[in-house]
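Here is a friendly walk through one part of a fold, written for someone who likes the cut-offs spelled out. Have a look at the model first, and then we can go through it together.

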Amino acid sequence: QNLVKIFANRPKPAVDGINITFYEGQITAFLGHNGAGKTTTMSILTGLFPPTSGTVLVGGLDIQTHMDSIRHRLGMCPQHNILFNHLTVAEHILFYSQLKGRSREEAEQELETMLEDMGLTHKRNEEAQNLSGGMQRKLSVAIAFVGEAKVVVLDEPTSGVDPYSRRSIWDLLLKYRPGRTIILSTHHMDEADILGDRVAIISQGKLFCSGSPVFLKNSFGSGFYLTLVRKMRTTKMGRATVSMSVVCLI
């Protein structure tokens, strides 16, 4: 609500009067160039920075007065991996699950489910420092969901990962979407289109537009539609040939 963040060493606000609502059971994709204000907005939402003015309500609770209660239902995957080098994959998930208040038995059950969903079962006893960059990213995303987090904030979760790992992260987000409010920042248009129930476009700290991908395309979309039509022809020699006709609409 009217969220503003001004840093002392910057002439312009990093976040300039943003008003937006995030809905349960939906993935909202934040789109914007570097320096647009995406990470700052997410940092305020998770309590890393206090807002200069305005506030954020999470489940009706104000981040300025009830941040301790909010953190119990909040999960966060930062832009850069923050992992313990000498803890294994399994130990990371167990640690964060119990940190959220889960019992040892519940944490171990959640561990098995998370390892299978993320495709990290074969890496369960591998130390974090020995994982590839893509594997570390998948572990960071898994940590954000442990402890039945109801609000999950993901800051560019697929940056620097291979296409296969990227797809497995997409599958995890779609599987865990029901009952959760997921906020996802990305630079990839296809990612926002595929995953986002709603897309919010930010520039210079301001919210320029917000809505479903279909709504935004109908309102602002322009471009090319390429139609390929395949036609089979049989020659006198009995051979099948293929001709392609192309229709391009602007």
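Which residue with a positive phi follows α5? That residue is Gly147, with phi near 70°. Before going on, please note that this is a predicted model, in which local features need pLDDT of at least 70, side-chain atom pairs count only at pLDDT 80 or more, and totals for chains, interfaces and linings use all residues. Residues are numbered from 1 along each chain as its sequence is written, and side-chain values use heavy atoms, with hydrogens and water left out.

**The helix**

Helices (H or I, at least four residues) and strands (E, at least two) are DSSP runs, numbered from the N terminus.

Of the 13 residues of α5, 12 are buried (under 20% relative accessible area, with exposed over 50% and partly exposed in between, for a 1.4 Å probe and protein chains only). Among them are Gly134, Arg137, Lys138 and Phe145. The cover over these buried residues includes α3 (89-99), α4 (104-118) and α6 (163-176), along with the strands β6 (74-77), β7 (151-155) and β8 (181-186); contact here means heavy atoms within 4.5 Å.

Five of the five residues of β7 are buried, so the strand is largely enclosed by the rest of the structure. Val151, Val153 and Asp155 are buried on one side, and Val152 and Leu154 on the other.

| Strands | Sense and bridges |
|---|---|
| β6 and β7 | parallel, four bridges |
| β7 and β8 | parallel, five bridges |

Val152 of β7 is the bridge partner of Gly75, while Asp155 is partnered by Ser185 in β8. Together, β7, α6 and β8 make a right-handed β-α-β unit, meaning that, with the strands pointing away from the viewer, the path from the first strand over the helix to the second runs clockwise.

**The pocket**

The largest pocket has 23 lining residues, and Gly75, Met76, Pro78, Tyr96 and Ile143 lie nearest its centre. Four of the lining residues come from β6, which gives the most. α1 (38-45), α3 and α5 each supply at least two.

On a 1 Å grid over the protein atoms alone, a pocket is an open set of points where a 1.4 Å probe fits, with protein on both sides within 12 Å along at least five of seven lines, and lining residues have an atom within 4 Å of a point.

Technical notes. Pairing = 2+ DSSP bridges.
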